[in-house]
Amino acid sequence: MKFGKRLKQQVQETLPDWRDKFLSYKELKKLVRLISSAPPFLNGSSEYGKSEAEFVRLLNCEIDKFNAFFMEQEEDFIIRHEELKQRIQKVIDAWGPSAKQPSEAEYKEEMGKIRVEIVNFHGEMVLLENYSNINYTGLAKILKKYDKRTGGLLRCAFIQKVLEQPFFITDLISKLVKQCENMIEAVFPVKEEEKGNKGRETITVAGEEIFRNAITALMTMKEIRRGSSTYSHFSLPPLNLTDSDLIPSFQLNSPISIVQ
């Protein structure tokens, strides 16, 4: 699948509030075509400089958009992660086996609610990792098109700048994703009979849309980061996921059966 179609599909399948935060790939592609089809002018001339400056200005606007959205989401995720940890501890203290008045019914009910929120939270963080991946890939591709069609030399220097941008640096989000997975394993351990169910895993999620979008995001990340004939040092490293890695083993309340 061509990148433009993949990006369009990803935008359609992401959270509604996120859809206008992605790369304006189609518009930038049209601009590259317009610049390259204009009457020829020498690299280094004033006209060439104006066209390239406008193209760079638009790319910088896109990067500012990515950074603002990414940092806003990142800050929100840090707060939500701490709140979830505090809520789990409060439920354990109030209704758990060591509480003054333990209640298995209350404990299960409250933990069930938290479990749904954790899975949805995990899904949103995976979507943000994919947001970073797909926008970086789009920038690399549009810069490659620009250099190829105009004879310019923008890509190398501009990508070096992109690598230092907040939206590209996903270490904290990756750490939160792992901590979220560890939290689920520690507080909601998978039963032995569920571990042995390798042929089919029943995933039950109240926030079905977020869950399905997260699976799509993982598949997209795997696809855009795989090796290909156009792979270069500007490409993201391959994401080595097995099919089973794409479907977390979370068991919640309303069944959604997914056949592997």
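Residues are numbered from 1 along each chain as its sequence is written, and side-chain values use heavy atoms, with hydrogens and water left out. In this predicted model, local features need pLDDT of at least 70 and side-chain atom pairs count only at pLDDT 80 or more, whereas totals for chains, interfaces and linings use all residues.

Helix α1 spans residues 3–13 and helix α4 residues 104–150 (helices being DSSP runs of H or I, at least four residues, numbered from the N terminus). Their axes come within 11 Å and cross at roughly 150° (axes are lines fitted to C-alpha atoms over the stretch in contact, with angles from 0 to 180 degrees between N-to-C directions). That makes α1 roughly antiparallel to α4, a term for angles over 145 degrees. The contact (heavy atoms within 4.5 Å) involves F3, R6, L7 and Q10 of α1, together with N130, I134, T137, G138 and K141 of α4. By class, three of these residues are nonpolar, four polar and two charged (Ala, Val, Leu, Ile, Met, Phe, Trp, Tyr, Cys and Pro count as nonpolar, Asp, Glu, Lys and Arg as charged, and the others, Gly among them, as polar).

Two cavities of 30 Å³ or more are present in the structure (a cavity is a set of points on a 1 Å grid over the protein atoms alone where a 1.4 Å probe fits but cannot get out, and lining residues have an atom within 4 Å of a point). K29, V32, R33, K145 and R149 line the second largest cavity. Of this lining, the largest share, three residues, comes from α2. The lining comprises one nonpolar, no polar and four charged residues.

Technical notes. Helices (H or I, at least four residues) and strands (E, at least two) are DSSP runs, numbered from the N terminus. Angles under 35 degrees count as roughly parallel, over 145 as roughly antiparallel, 65 to 115 as roughly perpendicular and the rest as oblique. On a 1 Å grid over the protein atoms alone, a cavity is a set of points where a 1.4 Å probe fits but cannot get out, and a pocket is an open set with protein on both sides within 12 Å along at least five of seven lines; lining residues have an atom within 4 Å of a point. Grid points are joined across faces, edges and corners, and a volume is the space filled by probe spheres set on the points.
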